Amino acid sequence: MSGKRLIVMKFGGTSVGSAERFRLCAEILRTAAEKDRIIVVVSAVAGVTDVILKTIEASRQGDAAMTDASLRKLELLHQALIAELFGDGHSHTVLSFVNQVLDQLRSSCRALLTLRSQISAETKDSLAALGERISAWVLANYLCQTGTSSEFVSAENVVVTDSNFGNAAPDMQATVERCQAVILPIVDRGAIPVVTGYCGANKAGQTTTLGRGGSDYSATIIGAAAAAHEVWIWTDVDGVLTADPRICPDAATLPEISFAEAIELAYYGAKVIHPKAAYPALDAGVAVWIKNSFQPHVGGTKITHSAAPFNSPVKAVTCVNHATLITLVTRRDVHSAELFGRLFLRLGQEQVDLLFATQSSPEHALGLVVRKEDTARVLHLIHNVFRIELAQGVVLPLAIQNDIAVIAVLGESMRGTCGILGRVFSAVAAQQVSVIAVAQGASELSICFAVASANAAEVVRAVHSEFCEGAEFAMGPASRPDLSLIAGV
Ligand code: ADP
Ligand code: ASP
Ligand code: MG
C-alpha cells in the first residue's frame, strides 16, 4: 500500500456535468485506484454554483417567482441526474441527502424574501458551497455502488482557512493536521475520499469559499497538505492551450509550462486553472497535470518548476475581456509620486488586484487597469483617498474608460529575446486596432496591453497566429505522464 503514489484528482463542473460524465469519472477512478492511492476533489455540477448565486440574488431582491423557478431548476437537475445514475430502486438515500441540502437553500431564501434583509458574507458562502456538497455526495455514493470503495468528505473538516469569506486563504499547517486526521485514514483503509471542492471553514467552523473556480485551488491545497505526489486537474479541454479554444479553435496543447507561467496565464484570463492554484503546489513541490476527462488517454499539460523550452518564445495569448482604465492626473506643481504612493498603499490594504498600471511622470498621470467587477470598489477607494485633493483640484477629475480588454502575451523564453514587442504590435496594427495602454512585466514573462473589448477576439487571434501557429510544442516521450492506467478508458 505505502509504495503506491498518492494522487489528488480534481473533477471540474463539466467533468460531472451529466450522468454520462459521472460514469466516465467513476471509470477513470476505478482504473486509477488499481495502481495508485487517490483523493478526489469535486466541483459542483456544471452551472449549479451560478444558479445558486442567482437564486440568492433573486431572493435578496424580493423576486419570489425567480427564486422558486431557480430552486425548482436545481431540484429537477439533481433529481434527473440521480435517477439516471442510481435507478429508481437505489436513489432514495442519495435523494434524501440532496433534498436536505436544497432545503437549507430554500429556507435561507425564504428568510431573505420575508425579511428583505441583506445576506451576510458568512451565510452567502455557506449557501454557495452547497453545489459541491451534492456532487461529492453523489460521486462518493456512485463509486460505492459501482464497486469502488469511497467516502464523502466535507472540506469544512479538512481545509482550514482565514475568515475572508468569498475569497478565503488556507492555513496550511492546520490543513496538514486535518488531512492527516480526516483524509489519510480513509486512504489507508483502501477507500477514495471524495472531498467537496471550492470551500473550507475558518477556525470557528464557519464555511468559507476560495473564490469562483476555486476547486482547482482546493485540489492543490489538499495535494500539498497530504504530501501527494501529483495533482491531476480533470477538465473539458486537453490541457493548457496556447489560447482560449473558444477564441482560437486551432490553439495547441502545451505539454509543459512552469508554475510562474501558469500563475500569469490564470491571472490574465485562462480559466482552465484558478489563479491561486499553483501556489500550494509550487511551495510543496507537487507537480500538477491538467487533463481532459472527455479524452483521458490524451497526455495533458504538466505544470512544473522548470518547463522545457519550446521553439516559440511566446507560449500563450490570453485575454481578460471586461476591464476598465482609470486615469488619474495631478496638478503639475505637486509631487505626484507621493500621492500615487498613498493610493497604492490603500489598494494593497484593500487587497485590490490591478491588471496593470502605467505611469507617466512628465504628464503627472497614472493609469490603472482593473477588472470590471473591481471598478466600483477602486473608484470608491480613490474618491476616499483623494477626497480633499479632488475637491481642491490637486487631483483632476478622473477619466474612466469602460469596455476595454486586456491581452497578455506570455512565456518565460521571451526574457532576453529581441523583437517580441515589435512583432506583437505589428500584428495588432495589421488589424487596424489601436492600443490603449501597455505594460511589460519586469520579469519579462508577460506583455500586457489594452484594446477596446470589441476588438479583443480578433487581436488575440492575430497575435496567436503570429507566435503560436506552427510552433513546435511537441516533446520527447520521457516527459509524458504515465497514462497506462487510464489508457483503456
Ligand atoms: P472546469 O469546470 O473543469 O473547472 P473551467 O470551465 O473552469 O473548467 O476551465 C476550462 C475552460 O477554460 C475551457 O473549457 C476553456 O474554454 C477555458 N480556457 C480559457 N483559456 C484557456 C487556455 N489557455 N487553455 C485551456 N483552456 C482555456
Ligand atoms: N463550483 C465553483 C464555481 O463554479 C467552484 C469550481 O467550479 O471550481 O465557481
Ligand atoms: Mg474551473
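# Two ligand sites and selected residues

Me: Which residues are the closest to ligand 1, and how many surround it?
Reply: In this predicted model, 18 residues surround ligand 1, and the closest are Thr 235, Asp 236, Leu 241, Arg 246 and Lys 271.

Me: What does the shell around ligand 1 divide into?
Reply: The shell of ligand 1 consists of eight nonpolar, five polar and five charged residues.

Me: Which side chains have an N or O atom listed against an oxygen atom of ligand 1?
Reply: Lys 10 and Asp 236 are among them. An N or O atom in the side chain of Asp 236 is 2.8 Å from an oxygen atom of ligand 1. For the side chain of Lys 10, the corresponding distance to an oxygen atom of ligand 1 is 3.1 Å.

Me: What about the backbone of Gly 13?
Reply: A backbone N or O atom of Gly 13 is found 3.1 Å from an oxygen atom of ligand 1. The protein covers 89% of the 570 Å² of accessible area that ligand 1 has on its own.

Me: Where do Glu 132 and Arg 212 come in?
Reply: The side chain of Glu 132 has an N or O atom 2.6 Å from a nitrogen atom of ligand 2. Arg 212 places a polar side-chain atom 2.7 Å from an oxygen atom of ligand 2.

Me: And what does the backbone of Gly 214 do?
Reply: An oxygen atom of ligand 2 lies 3.4 Å from a backbone N or O atom of Gly 214. Of the 260 Å² of accessible area that ligand 2 has on its own, the protein covers 85%.

Me: Now Ser 154: buried or exposed?
Reply: Ser 154 counts as buried because its relative accessible area is 9%, and buried means under 20%. Ser 154 sits in the loop between strand 3 (150-153) and helix 7 (172-188).

Me: Which side chain does Ser 154 contact?
Reply: The side chain of Ser 154 makes a polar contact with the side chain of Arg 133, at 3.2 Å.

Me: Where is Ile 52, and is it buried or exposed?
Reply: Ile 52 belongs to helix 2 (residues 48-60). Ile 52 is buried, with a relative accessible area of 2%.

Me: How many residues separate Ile 52 and Ala 278 in sequence?
Reply: Ile 52 and Ala 278 are 226 residues apart in sequence, and their C-alpha atoms are 27 Å apart in space.

Me: Which residues form the nonpolar patch on the surface?
Reply: The patch is formed by Leu 421, Val 435 and Val 438, which together have about 190 Å² of accessible area. Leu 421 is part of helix 14 (residues 420-430), and with a relative accessible area of 35% Leu 421 is partly exposed.

Me: What is the phi of Gln 351, and where does Gln 351 lie?
Reply: Gln 351 has a phi near 55 degrees, a positive value in a residue other than glycine. Gln 351 lies in the loop between helix 11 (336-349) and strand 12 (354-360). Gln 351 counts as exposed, at 52% relative accessibility.

Me: And what about the phi of Asp 403?
Reply: Asp 403 is not a glycine, yet its phi is positive, at about 55 degrees. Asp 403 is located in strand 14 (residues 399-410), and Asp 403 counts as exposed at 56% relative accessibility.

Technical notes
Residues are numbered from 1 along each chain as its sequence is written. Chains are lettered from A and ligands numbered from 1 in the order in which they are written. This is a predicted model: local features need pLDDT of at least 70, side-chain atom pairs count only at pLDDT 80 or more; totals for chains, interfaces and linings use all residues. Side-chain values use heavy atoms; hydrogens and water are left out. A polar contact is a pair of N or O atoms within 3.5 Å; within protein, one must be able to donate a hydrogen and the other to accept it, and residues adjacent in sequence count only if both atoms are side-chain atoms. Accessible areas come from the Shrake-Rupley method with a 1.4 Å probe; for residues, only the protein chains shown count as cover. Patches are made of residues with over 30% relative accessible area and no salt bridge: like charges are joined within 9 Å, nonpolar side chains (Val, Leu, Ile, Met, Phe, Trp, Tyr) within 5 Å. A salt bridge is a side-chain nitrogen of Lys or Arg within 4 Å of a carboxyl oxygen of Asp or Glu. Helices (H or I, at least four residues) and strands (E, at least two) are DSSP runs, numbered from the N terminus. Buried means under 20% relative accessible area, exposed over 50%, partly exposed in between (1.4 Å probe, protein chains only). A residue is near a molecule or strand if one of its heavy atoms lies within 4 Å of it. Ala, Val, Leu, Ile, Met, Phe, Trp, Tyr, Cys and Pro count as nonpolar, Asp, Glu, Lys and Arg as charged, and the others, Gly among them, as polar.
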